[in-house]
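Here is a short report on local geometry and packing. Look at the fold below, then read on.

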Amino acid sequence: MAPALTSNSFRLYSKPTRPATVASAQPRPNLFSFGRPKEDPSAPGDEAPKPNRFFVDFGKLPDAKSLVPAIATGPSTPLFAGARRKDPRSVFVAGATGQAGARIAWALLRQGFSVRAGVSDLAAAQDVARLAAAYKIISPEESKRLNAVESPSDDAAAIAKAIGPAAKVVVTVGAAEKGPTAELTTNEALEVVRAAKLAGVGHVAVVYNAGPGGFPVQSTGNVLDGVTSFFSNLFAQGQSLTLGDLLRKMAELDLNYTVIRAALTDDYAAESSYALTVAEEGKAIGATTGEFKVSRLQIAGLVADVLSNTAIAENKVVEVFSSPSATSKSVEELFRVIPEDGRRKVYAEAKAKEEAEEAANEKAREATAKKKKIEEEAQKLEEKKTRAATASKEARQLVEDAGASLDGLLARAKGLAGGEFSWDKLSSQLATVVAVTTNGAAEGKIKTTTQVATVRGQAKARSLPPKKAVVKRPPPPEKPKTKQPEASPEVKKIFGGLFKQETIYIDDD
């Protein structure tokens, strides 16, 4: 797959331009046309113009908006997800104009890879590439596979765009690795790794220079090292990550990687003639003390071999040094005995434990909420029981009071039914009251508001015996008998609503 070109990229190789040829004067027919049909004045009058099958007449369109297709807006997709198909033979080299980065790009070209060289100064990279092509450092065929792209070092999203279709990424940490003199720090290397994660890269190789001008991770045993490191971090603008911090953050990204730590030196040093030895992290004596350094050209060849066979070096952290007594070995032999980095396993276990604890805490919170809800419901039920008991007590009291009243009424009813009541007795009592009232009013002892019209009438009224007043009323006119509606009972509540009294009226007719 050929590397794609962008506005911030260039390629060294370009095809020769063909000489311009003079075209015939006869115009070519236009297969696509828009607007209203035009009449050809040169056409004969008898011949009708041939219809253009691709002609679109805008005059017949009611609205030009109907030509715009409707695009359905769906949920946002992740950054660079499925934007480009990855090329397994394409590698992005961050800091390709650095001392080791330039050699790594050249070694990858020698092994047939297409290289996307990430540079901060595109013009300077063009000059270097043209110089390499002019002095035959790279062949014309290799220059076709070299594509320089402008890439920052502190913006993961911008670096991910520069990575493009590359399926693998290489970054070198150390002095003179961001250009021929500038330093590429561990913080910037972490941004490159994050960009690789965003771009969907399959493998990342990190070269860590622990030699002079690099970033040593172990102390020399001098007590002043701690004081020097303290004041360096105190007055530095930004503290760089250690190699351990970088490795832990890389393990958290869940990305396949190979980390190579070595003390790099120049290609003309004596160590460049020694064979390379690869050891497990923390087990190489020569790499720790810087006794047997590795030339940049040797480390470039090792990186190219690793990217040619990433399966043998996946998720491994190694220390590389040269030895005069070592024999040359293939990358499979060097990396086969190296175990995988344990940080990924530790992080995976810690993450699984954290998720399990979070799930347990969530269940505990749910159980607590359910228990609280049950307690609230029990309290509400207890309150309802209390209110019901109070209402029952009040009802019993009302029933008792109603029973006492009913007993009194029944006793009175029995007295009336026993013969104590008599209409004659009631009439004599009323006559006595009237006589007493009349005599008292005559003697002035009782004030009354009722007066007889004359004195003669008063004397006559005293002599009259008491009788019932009888008022004769004329009989009501007879009404035609009609069908009476059925009598509905009259219902009344008595004794505070405890009993209901129904009264049924029956017509005597």
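Ser-153 sits in the loop between β6 (146-150) and α4 (156-163). Helices (H or I, at least four residues) and strands (E, at least two) are DSSP runs, numbered from the N terminus. This is a predicted model: local features need pLDDT of at least 70, side-chain atom pairs count only at pLDDT 80 or more, and totals for chains, interfaces and linings use all residues. Residues are numbered from 1 along each chain as its sequence is written, and side-chain values use heavy atoms, with hydrogens and water left out.

**The loop residue**

Ser-153 has a relative accessible area of 18% and is buried. Buried means under 20% relative accessible area, exposed over 50%, partly exposed in between (1.4 Å probe, protein chains only). The side chain of Ser-153 makes a polar contact with the side chain of Glu-188 at 3.2 Å. A polar contact is a pair of N or O atoms within 3.5 Å; within protein, one must be able to donate a hydrogen and the other to accept it, and residues adjacent in sequence count only if both atoms are side-chain atoms. Neighbours within four places in sequence aside, Ser-153 is in contact (heavy atoms within 4.5 Å) with Ile-159, Lys-178, Glu-188 and Glu-191.

Strand β4 (residues 87-94) is mostly covered, with 6 of its 8 residues buried. Two strands pair if DSSP finds at least two bridges between them. The pairings of β4 are tabulated here.

| Partner of β4 | Sense | Bridges |
|---|---|---|
| β7 (residues 166-178) | parallel | 5 bridges |
| β5 (residues 114-119) | parallel | 5 bridges |

Val-93 has Val-170 as its bridge partner in β7. Ala-94 stands opposite Gly-118 in β5.

**Helix α2**

Helix α2 (residues 122-134) has 13 residues. From first C-alpha to last, α2 reaches 18 Å, close to the 18 Å expected at 1.5 Å a residue. That expected span is 1.5 Å times one less than the number of residues. Which residues of α2 are buried? They are Leu-122, Ala-125, Ala-129 and Ala-132. Seen down the axis of α2, these buried residues fall within an arc of 80°, so they line one face of the helix. The arc is that of the directions from the helix axis to the C-beta atoms.

At the N-terminal end, Asp-121 caps α2: a side-chain oxygen lies 3.3 Å from the backbone nitrogen of Ala-123. Lys-136 follows α2, and its phi is positive, near 60°.

**Strand β8**

Leu-184 lies in strand β8 (residues 182-184). Leu-184 counts as buried at 4% relative accessibility. The C-alpha atoms of Leu-184 and Gly-98 are separated by 8.9 Å, though 86 residues apart along the chain.
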